[in-house]
Amino acid sequence: MTMNSKEHETEPGSSTEALEALARSSLDESVAHLDAATLSRLNRARQQALAEVNKPYNPGNWLALAAGAFAIIAIAVALPLLPPGDSAAEQDPGTFSVAEDAALMEDLDLVLWMMESEDHAS
Amino acid sequence: MTNTAALIYHSWTEQNPMQHGGQSLDRHSAMNGFLQEVERRALRVAELSVGHREDALELVQEAMLGLVRRYSLRPSDEWKPLFYRILQSRINDFHRRRAVRRRVMAFMPGTADADSDIDPMDQATAGERENPASALQQEIANQAMLDAIGNLPTRQQQAFVLRAWEGMSTRDTALAMDCSEGSVKTHYNRALKSLQDALAEHAPQ
């Protein structure tokens with residue numbers, strides 16, 4: 001995981017290499033003399049983070065919340081799009097209620113009787 | 001190891017603490033060593049970018065917590081790019097929040113951004129300047145370099161410090177910066193050019 005010299009963009013001995021060396025030394029120098037308060041803060045931050053090492057990272061709660069929110073939104077969106085229950089059958093011209101079916105059968109009987117009567121008369 | 005696999009492994013080791021207590025201690029110890037190794041540099045990286053030590057300390061702490069909570073089960077050689085990826089993400093969030101705050105403050109009459117009159121580099125290095133320098137010339141050169149790095153655009157600064165200072169490969173830097181390796185090289189070369197131009201004024205005649 002360290003920098004490979006072959007993939008480094010600069011040529012050895014070049015002015016950019018000198019620039020990089022100066023940058024490294026300046027940055028190293030800048031962290032070499034941190035004050036005690038800052039070092040203490042860093043130590044506390046590290047200890048707080050390390051206290052979490054053995055605690056399992058549990059994204060399950062977030063996933064459950066997200067799934068619940070998605071379900072609520074899906075229901076809210078889908079409900080207005082669903083066809084209403086019994087009124088749909090009433091409004092569909094190709095669908096008949098039981099009472100209408102019975103009336104139609106009676107009419108059919110009447111039509112068949114009339115057709116038979118005409119045949120006999122002829 | 002994927003997150004799912006890591007979770008399964010973790011729950012299994014939780015149920016078998018006797019067998020895996022040693023591994024847990026090793027992981028704790030390894031993570032402690034890693035954080036100790038990077039914490040000062042990470043603080044400087046954050047400080048160069050945000051300009052305030054207190055803010056930088058908070059960002060580093062958040063990055064530490066993020067790494068431990070989410071990636072402590074990953075192989076340790078992946079920790080550094082992951083840690084810097086979290087830190088850079090926090091730094092970017094910080095800059096976004098600050099930009100929003102400045103825009104809001106600009107619309108409010110009679111208010112001024114408290115940060116606007118503060119030179120970030122003055123703040124970033126105020127503590128160190130009080131320390132005696134072994135050589136005044138060296139201190140001036142160091143300070144000029146830090147100023148120049150601090151004044152780089154954010155992405156150039158990230159590419160430069162991760163590659164030149166942290167010694168990360170182009171691939172790891174790309175992972176940390178959440179961009180392509182080609183972008184890293186571009187940012188890095190532009191950073192080098194910017195630094196050369198900025199430091200030319202300080203070069204001995």
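Read along the sequence, its pattern is α-α-α-α-α-α-α-α-α-α. Chain A is built from helices too, with 5 of them and 0 strands. From the N terminus on, the elements of chain A run α-α-α-α-α.

**The two chains side by side**

| Property | Chain A | Chain B |
|---|---|---|
| Residues | 122 residues | 205 residues |
| Buried | 9% | 34% |
| Mean pLDDT | 72 | 80 |
| Residues with pLDDT of at least 70 | 57% | 72% |

Start with contacts along chain B. Count those with a separation of 6 or more. Of these, 63% join residues 24 or more positions apart.

Next comes the largest nonpolar core, which holds 49 residues. Which of them touch the most other members? They are A46(B), V60(B), A63(B) and L87(B). Helix α2 of chain B, residues 17-50, gives the most to this core, with 10 residues. In soluble globular proteins, nonpolar side chains tend to be buried together.

Take A46(B) as an example. Leave aside its neighbours within four places in sequence. A46(B) is then in contact with A56(B), L59(B), V60(B), L87(B) and I91(B).

Several of these names return in helix α3 of chain B, where A56(B), L59(B) and V60(B) are among the buried residues. Others buried in α3(B) include R53(B), L57(B), Q61(B), A63(B), M64(B), L67(B), V68(B) and Y71(B). This helix covers residues 53-71. Its 19 residues should span 27 Å at 1.5 Å a residue. The end C-alpha atoms are 26 Å apart, which agrees.

Now look at α1(A). This helix has 18 residues. From its first C-alpha to its last, α1(A) reaches 26 Å, close to the 26 Å expected at 1.5 Å a residue.

Which residues of α1(A) are buried? They are E20(A), A23(A), S26(A), L27(A) and S30(A). Seen down the axis of α1(A), the buried residues fall within an arc of 130°, so they line one face of the helix. On the other side, A18(A), A21(A) and A32(A) are exposed.

**Where the chains meet**

How many residues does each chain bring to the contact? Chain A brings 33 residues and chain B brings 50 residues. On the side of chain A that touches chain B, α1 (15-32) and α2 (36-50) each supply at least two residues. The largest share of that side, 11 residues, comes from α1(A). By type, the residues of this side of chain A divide into 15 nonpolar, 9 polar and 9 charged. For the complex, the predictor gives an ipTM of 0.70 and a pTM of 0.63.

**A loop in chain B**

The loop between α9 (170-177) and α10 (181-200) of chain B holds S180(B). Is S180(B) buried or exposed? S180(B) is exposed, because 11 other C-beta atoms lie within 10 Å, and a residue with 12 or fewer counts as exposed. S180(B) and T170(B) are 10 residues apart in sequence. In space they are 9.1 Å apart, C-alpha to C-alpha.

D178(B) also has its place in the loop between α9 and α10 of chain B. D178(B) is exposed, with 11 other C-beta atoms within 10 Å. D178(B) has a positive phi of about 55°, although it is not a glycine.

**How confident is the predictor?**

Among the elements of chain B, α3(B) has the highest mean pLDDT (95). Helix α6 of chain B, residues 126-129, has the lowest (47). Among the elements of chain A, α2(A) has the highest mean pLDDT (94). The lowest in chain A (49) belongs to helix α4, residues 85-91.

Some stretches stay under 50. In chain B, one of them is residues 7-19, for which the model has 9 contacts beyond four places in sequence. Residues 112-118 of chain B also stay under 50, with 3 such contacts. In chain A, pLDDT stays under 50 over residues 1-7, for which the model has 14 contacts beyond four places in sequence. Where pLDDT is low, the predicted coordinates should not be read in detail.

Key:
Residues numbered from 1 in each chain as written. Chains lettered and ligands numbered in written order. Contact = placed C-beta atoms within 7 Å. Helix = DSSP H or I, 4+ residues; strand = E, 2+ residues; numbered from the N terminus. Nonpolar A, V, L, I, M, F, W, Y, C, P; charged D, E, K, R; others polar. Core = buried A, V, L, I, M, F, W, Y, C linked by C-beta atoms within 7 Å. Buried ≥ 20, exposed ≤ 12 C-beta atoms within 10 Å, placed from the backbone. Expected span 1.5 Å × (residues − 1). Arc of directions from axis to C-beta. pLDDT = per-residue confidence, 0-100.
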